[in-house]
Amino acid sequence: MLTLDKIYHASYVLKDVIRPTNIVHAAGICDECDVYLKPENLQITGSFKVRGSGYKISQLTDEEKARGVIACSAGNHAQGVALAATKYGIKSLICLPDGAPISKVEATKNYGADVCMVPGIYDDAYNEALKLRDEKNYTFIHPFDDENVIAGQGTIGIEIMNEMPDVDAVVCAIGGGGLISGVACAIKSLNPNIKIYGVQAEGAPSMYESVKKGKPVCLDNVSTIADGIQVKEPGEHTFEYVKQYVDDIVTVSDDEISSAILKLIESQKMIAEGAGAAPLAAVMFNKLPVKGKKVVCVVSGGNIDVTILSRVIKRGLLMTGRQQTVCIELQDKPGQLLAVSKIIADKGANVISIHHERASEGTDVNGCYLRIVLETRNYDHVKEIHDALINAGFKLV
């Protein structure tokens with residue numbers, strides 16, 4: 001059984017394995033509450049996962065250690081297992097879904113593990129790992145549905161309570177549920193009045209649907225930029241702990257997650273992956289009843305693939321009104337572009353690109369279209385520009 005004593009023991013065992021991640025005050029994230037960050041994206045391996053895998057591996061028998069360990073992961077658990085196994089001199093094999101970011105695959109190899117790429121998503125990698133475990137007699141390190149793994153993740157809860165005992169609410173992302181199970185058990189055991197909220201991606205709401213239906217649910221398919229929480233089915237243990245300790249679960253869209261990633265980069269100079277930014281997205285977009293409260297968001301990881309970071313930033317810019325495409329129908333006569341440019345300049349927007357094309361069949365023979373991509377401050381600024389163009393007699397398409 002998971003107990004507070006076990007979580008404290010994990011905290012003692014891990015003190016020489018993990019890096020301290022002190023809470024950071026994040027002013028300007030949300031006007032309605034006081035936001036703090038627990039930056040596990042700065043943890044060794046770039047994710048909280050090293051806590052659970054490190055504690056689990058430390059508790060193996062000599063015989064289990066001799067046989068070697070196997071794990072499956074979308075990336076962060078893989079690195080945690082690889083690092084912990086190498087630290088204890090144990091051979092490790094990691095099954096990764098073939099869609100895992102290349103950066104995570106290479107990092108896993110660099111921490112000393114052998115890697116087996118499996119076609120599909122996390123659940124396919126999980127099934128392959130179980131098959132190899134039975135064939136080769138490895139010890140399987142579950143990414144979330146294991147008491148020792150959950151206890152390791154729960155050390156985050158103890159650290160939050162030690163550093164900020166007056167916290168009102170703690171927000172965690174949920175994939176399989178190992179992180180929030182451990183954190184919620186630790187915090188609720190120490191102070192039952194503190195609220196614990198879970199956040200899932202709209203495209204992978206397995207725990208959200210499971211709690212709603214009262215039993216673990218396996219989704220047919222999952223899709224989200226938050227690959228770290230892209231899980232079809234929660235664990236049996238974690239489902240029970242979430243039911244027992246977690247006050248509520250909400251979902252956030254990929255666009256909201258992108259906005260949160262962008263906010264962390266700009267306001268905190270901090271890189272988070274999709275799963276790490278999900279709790280912040282829930283607070284930023286008022287999904288939780290935390291008005292006037294002191295809130296800690298657990299930024300669970302920072303291992304975002306740099307090749308998709310630019311796309312995520314662009315999504316975040318569009319979502320928050322920082323970038324806008326305006327299409328204007330013009331009369332094809334001199335001075336039109338000058339008039340449009342003057343309005344945009346007067347309103348303080350920046351032109352990123354312009355595309356001008358003649359009208360096509362079925363429109364005014366003297367017409368043309370001007371498509372402009374603008375850098376703007378927010379949606380109010382966008383509306384201001386739209387209104388000024390309309391008031392000047394231009395037709396927006």
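Mentor: Let's begin with burial: buried means under 20% relative accessible area, exposed over 50%, and partly exposed in between, using a 1.4 Å probe and protein chains only. Keep in mind that this is a predicted model, where local features need pLDDT of at least 70, side-chain atom pairs count only at pLDDT 80 or more, and totals for chains, interfaces and linings use all residues. Residues are numbered from 1 along each chain as its sequence is written, and side-chain values use heavy atoms, with hydrogens and water left out.

Trainee: Is A129 buried or exposed?

Mentor: A129 is buried, because its relative accessible area is 0%. You'll find A129 in helix α6 (residues 122–136); helices (H or I, at least four residues) and strands (E, at least two) are DSSP runs, numbered from the N terminus.

Trainee: Which residues is A129 in contact with, leaving aside its neighbours within four places in sequence?

Mentor: Contact means heavy atoms within 4.5 Å. With those neighbours left aside, A129 touches I70, A71, C72, C95 and F140. Take F140: A129 and F140 are 11 residues apart in sequence, and 7.8 Å apart in space, C-alpha to C-alpha.

Trainee: How do I read the side chains along a strand?

Mentor: In a regular strand, side chains alternate between the two faces of the sheet. Look at β3 (residues 69–72): V69 and A71 point one way, I70 and C72 the other, and all are buried.

Trainee: Which strands does β3 join?

Mentor: Two strands pair if DSSP finds at least two bridges between them. Strand β3 runs parallel to β4 (residues 92–97), with 4 bridges, and V69 stands opposite S92 there. Strand β3 also runs parallel to β6 (residues 139–140), with 2 bridges, and here V69 faces T139.

Trainee: And how do I find empty space?

Mentor: Rolling a probe the size of a water molecule over the atoms shows where empty space is left. On a 1 Å grid over the protein atoms alone, a pocket is an open set of points where a 1.4 Å probe fits, with protein on both sides within 12 Å along at least five of seven lines; lining residues have an atom within 4 Å of a point. Volume is the space filled by probe spheres set on the points, which are joined across faces, edges and corners.

Trainee: What is the volume of the largest pocket?

Mentor: About 300 Å³. Its lining has 14 residues, with G28, I29, K263, M284 and T320 nearest the centre. Helix α11 (residues 254–268) gives the largest share of that lining, 4 residues.
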